[in-house]
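Subject: Structure for your review

Hello,

Here is the structure we discussed, with the sequence alongside. Please open it first; my notes on one part of it follow below.

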Amino acid sequence: MKINSLLSALAVCLMLIPNHASSQENQRPFITWQDTLDLTWDDFTPKDGVSTSRSNIALYMKAEPGVEKIKNTRYYFNDYSIWFNPNSSYYDPKHATDWNLRYFNVMFDIAELSARLTLNPSDNSAWSDKRKSFDRLINASLEAFELESGFGKDTAVIMAYEKEVREGLEQNPKEEYD
(Lines give C-alpha, C1' and ligand atoms only; values in the text may rest on other atoms or scores of the structure.)
Protein backbone atom coordinates (compact mmCIF):
# COMPACT_ATOMS: atom_id res chain seq x y z
CA MET A 1 0.00 0.00 0.00
CA LYS A 2 1.07 3.55 -0.60
CA ILE A 3 1.78 5.79 2.37
CA ASN A 4 -1.04 8.08 1.29
CA SER A 5 -3.57 5.29 1.57
CA LEU A 6 -2.14 4.21 4.91
CA LEU A 7 -2.50 7.71 6.26
CA SER A 8 -5.94 8.30 4.78
CA ALA A 9 -7.53 8.11 8.23
CA LEU A 10 -5.42 11.00 9.35
CA ALA A 11 -5.27 14.49 7.94
CA VAL A 12 -2.16 16.01 9.37
CA CYS A 13 -2.00 19.46 7.93
CA LEU A 14 1.40 20.76 8.88
CA MET A 15 1.40 24.37 7.89
CA LEU A 16 1.89 27.85 9.20
CA ILE A 17 -1.47 29.16 10.29
CA PRO A 18 -2.23 32.82 10.84
CA ASN A 19 -3.44 33.80 14.31
CA HIS A 20 -6.95 34.50 13.02
CA ALA A 21 -7.41 30.99 11.57
CA SER A 22 -10.24 30.06 13.91
CA SER A 23 -12.12 33.37 13.86
CA GLN A 24 -14.57 32.58 11.05
CA GLU A 25 -18.26 32.50 11.91
CA ASN A 26 -19.73 29.08 12.79
CA GLN A 27 -16.24 27.70 13.24
CA ARG A 28 -15.19 26.27 16.55
CA PRO A 29 -11.81 27.51 17.77
CA PHE A 30 -8.76 25.35 17.38
CA ILE A 31 -7.61 23.53 20.52
CA THR A 32 -3.97 24.02 21.46
CA TRP A 33 -2.17 20.95 22.82
CA GLN A 34 -1.76 21.12 26.59
CA ASP A 35 -0.37 18.56 28.97
CA THR A 36 -3.52 18.62 31.09
CA LEU A 37 -5.97 18.43 28.19
CA ASP A 38 -7.54 15.36 26.65
CA LEU A 39 -9.82 15.59 23.65
CA THR A 40 -13.44 14.53 24.12
CA TRP A 41 -15.99 13.43 21.54
CA ASP A 42 -17.54 16.90 21.87
CA ASP A 43 -14.36 18.26 20.27
CA PHE A 44 -15.04 16.28 17.07
CA THR A 45 -17.70 16.81 14.43
CA PRO A 46 -20.18 13.92 14.23
CA LYS A 47 -20.56 12.40 10.76
CA ASP A 48 -22.78 9.37 10.22
CA GLY A 49 -21.55 6.42 8.16
CA VAL A 50 -17.84 6.89 8.77
CA SER A 51 -16.01 3.68 9.67
CA THR A 52 -13.66 3.69 12.64
CA SER A 53 -10.61 3.58 10.39
CA ARG A 54 -11.99 6.38 8.23
CA SER A 55 -12.47 8.82 11.10
CA ASN A 56 -10.42 11.93 10.74
CA ILE A 57 -8.30 14.00 13.07
CA ALA A 58 -6.87 17.27 11.78
CA LEU A 59 -3.71 18.45 13.49
CA TYR A 60 -1.78 21.60 12.68
CA MET A 61 1.58 22.95 13.69
CA LYS A 62 1.82 26.71 14.05
CA ALA A 63 5.15 28.48 14.31
CA GLU A 64 5.79 32.16 14.74
CA PRO A 65 8.96 33.14 12.91
CA GLY A 66 11.24 35.65 14.54
CA VAL A 67 13.00 38.46 12.80
CA GLU A 68 16.59 37.39 13.24
CA LYS A 69 18.34 36.12 10.11
CA ILE A 70 21.42 33.93 10.00
CA LYS A 71 23.35 33.86 6.75
CA ASN A 72 20.38 35.45 4.93
CA THR A 73 18.42 32.20 4.94
CA ARG A 74 18.22 30.96 8.50
CA TYR A 75 15.62 32.18 10.96
CA TYR A 76 15.05 31.73 14.63
CA PHE A 77 11.42 31.39 15.46
CA ASN A 78 9.82 32.43 18.69
CA ASP A 79 7.34 29.70 19.47
CA TYR A 80 5.33 26.80 18.11
CA SER A 81 2.13 25.09 19.10
CA ILE A 82 0.25 21.98 18.03
CA TRP A 83 -3.42 22.53 17.31
CA PHE A 84 -6.42 20.26 16.90
CA ASN A 85 -9.05 21.48 14.43
CA PRO A 86 -12.53 20.40 15.59
CA ASN A 87 -14.07 21.65 12.34
CA SER A 88 -12.12 19.14 10.22
CA SER A 89 -12.02 16.28 12.72
CA TYR A 90 -14.96 13.93 12.51
CA TYR A 91 -16.21 10.53 13.62
CA ASP A 92 -19.27 8.32 13.38
CA PRO A 93 -21.13 8.51 16.72
CA LYS A 94 -21.74 4.73 16.50
CA HIS A 95 -17.95 4.27 16.82
CA ALA A 96 -17.47 6.74 19.67
CA THR A 97 -15.73 4.41 22.10
CA ASP A 98 -13.31 5.27 24.87
CA TRP A 99 -10.60 3.36 22.99
CA ASN A 100 -11.10 5.29 19.78
CA LEU A 101 -10.89 8.52 21.74
CA ARG A 102 -7.68 7.37 23.43
CA TYR A 103 -6.32 6.51 19.97
CA PHE A 104 -6.92 10.08 18.80
CA ASN A 105 -5.46 11.56 21.98
CA VAL A 106 -2.28 9.54 21.42
CA MET A 107 -2.08 11.02 17.92
CA PHE A 108 -2.37 14.52 19.39
CA ASP A 109 0.40 13.66 21.88
CA ILE A 110 2.60 12.20 19.10
CA ALA A 111 2.31 15.52 17.24
CA GLU A 112 3.45 17.46 20.32
CA LEU A 113 6.33 15.07 21.02
CA SER A 114 7.44 15.27 17.38
CA ALA A 115 7.52 19.06 17.65
CA ARG A 116 9.50 18.97 20.89
CA LEU A 117 12.07 16.64 19.39
CA THR A 118 12.62 18.65 16.21
CA LEU A 119 11.73 22.29 16.86
CA ASN A 120 14.16 23.09 19.66
CA PRO A 121 14.93 26.77 20.21
CA SER A 122 18.50 25.83 21.16
CA ASP A 123 18.98 24.29 17.70
CA ASN A 124 20.02 27.07 15.34
CA SER A 125 19.27 25.07 12.20
CA ALA A 126 17.36 26.72 9.40
CA TRP A 127 13.60 26.73 9.87
CA SER A 128 13.17 24.73 6.66
CA ASP A 129 15.47 22.00 8.03
CA LYS A 130 13.58 21.87 11.32
CA ARG A 131 10.31 21.72 9.43
CA LYS A 132 11.51 18.84 7.24
CA SER A 133 12.69 16.95 10.32
CA PHE A 134 9.32 17.56 11.99
CA ASP A 135 7.39 16.42 8.91
CA ARG A 136 9.46 13.23 8.59
CA LEU A 137 9.19 12.37 12.29
CA ILE A 138 5.48 13.01 12.68
CA ASN A 139 4.56 11.15 9.49
CA ALA A 140 6.70 8.13 10.38
CA SER A 141 5.46 8.11 13.99
CA LEU A 142 1.79 8.39 13.08
CA GLU A 143 2.09 5.78 10.34
CA ALA A 144 3.77 3.34 12.75
CA PHE A 145 1.08 3.95 15.38
CA GLU A 146 -1.74 3.50 12.88
CA LEU A 147 -0.33 0.28 11.47
CA GLU A 148 0.73 -1.26 14.78
CA SER A 149 -2.61 -0.45 16.41
CA GLY A 150 -4.66 -1.66 13.45
CA PHE A 151 -5.98 1.89 13.05
CA GLY A 152 -7.04 2.00 16.69
CA LYS A 153 -8.36 -1.53 17.06
CA ASP A 154 -5.53 -3.05 19.16
CA THR A 155 -6.03 -1.71 22.69
CA ALA A 156 -2.75 -3.17 23.97
CA VAL A 157 -0.82 -1.18 21.35
CA ILE A 158 -2.77 1.97 22.16
CA MET A 159 -1.89 1.58 25.85
CA ALA A 160 1.78 0.92 25.05
CA TYR A 161 2.03 3.99 22.80
CA GLU A 162 0.13 6.09 25.32
CA LYS A 163 2.71 5.21 27.98
CA GLU A 164 5.73 5.59 25.70
CA VAL A 165 4.62 8.94 24.28
CA ARG A 166 3.74 10.31 27.74
CA GLU A 167 7.19 9.29 28.99
CA GLY A 168 8.74 10.98 25.95
CA LEU A 169 6.84 14.18 26.74
CA GLU A 170 8.00 14.09 30.36
CA GLN A 171 11.62 13.46 29.34
CA ASN A 172 11.54 16.21 26.69
CA PRO A 173 9.84 19.25 28.19
CA LYS A 174 8.97 22.02 25.78
CA GLU A 175 11.88 24.43 25.64
CA GLU A 176 11.09 28.05 26.29
CA TYR A 177 11.73 30.58 23.57
CA ASP A 178 13.23 33.97 24.26
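In this predicted model, helix H3 (residues 127–148) and helix H4 (residues 155–171) have axes that come within 9 Å and cross at roughly 150 degrees. Angles over 145 degrees count as roughly antiparallel, and H3 and H4 are therefore roughly antiparallel to each other. The contact brings Ala144, Phe145 and Glu148 of H3 against Val157, Ile158 and Tyr161 of H4. By type, the residues of this contact are five nonpolar, no polar and one charged.

H4 itself has 17 residues and spans 24 Å from its first C-alpha to its last, close to the 24 Å expected at 1.5 Å a residue. Its buried residues are Val157, Ile158, Tyr161, Val165, Arg166, Gly168 and Leu169. Viewed down the axis of H4, these fall within an arc of 160 degrees, so they line one face of the helix. An α-helix has 3.6 residues a turn, so residues three or four places apart point the same way. The cover over the buried residues of H4 includes helix H2 (98–118) and H3.

On the other side of H4, Lys163, Glu164, Glu170 and Gln171 are exposed. For glutamate 170, which is in helix H4, the relative accessible area is 64%. The cut-off for exposed is over 50%, which is why glutamate 170 counts as exposed.

Regards

Terms used:
Residues are numbered from 1 along each chain as its sequence is written. This is a predicted model: local features need pLDDT of at least 70, side-chain atom pairs count only at pLDDT 80 or more; totals for chains, interfaces and linings use all residues. Side-chain values use heavy atoms; hydrogens and water are left out. Axes are lines fitted to C-alpha atoms, for helices over the stretch in contact, and angles run from 0 to 180 degrees between N-to-C directions. Helices (H or I, at least four residues) and strands (E, at least two) are DSSP runs, numbered from the N terminus. Angles under 35 degrees count as roughly parallel, over 145 as roughly antiparallel, 65 to 115 as roughly perpendicular and the rest as oblique. Contact means heavy atoms within 4.5 Å. Ala, Val, Leu, Ile, Met, Phe, Trp, Tyr, Cys and Pro count as nonpolar, Asp, Glu, Lys and Arg as charged, and the others, Gly among them, as polar. The expected span of a helix is 1.5 Å times one less than its number of residues. Buried means under 20% relative accessible area, exposed over 50%, partly exposed in between (1.4 Å probe, protein chains only). The arc is that of the directions from the helix axis to the C-beta atoms.
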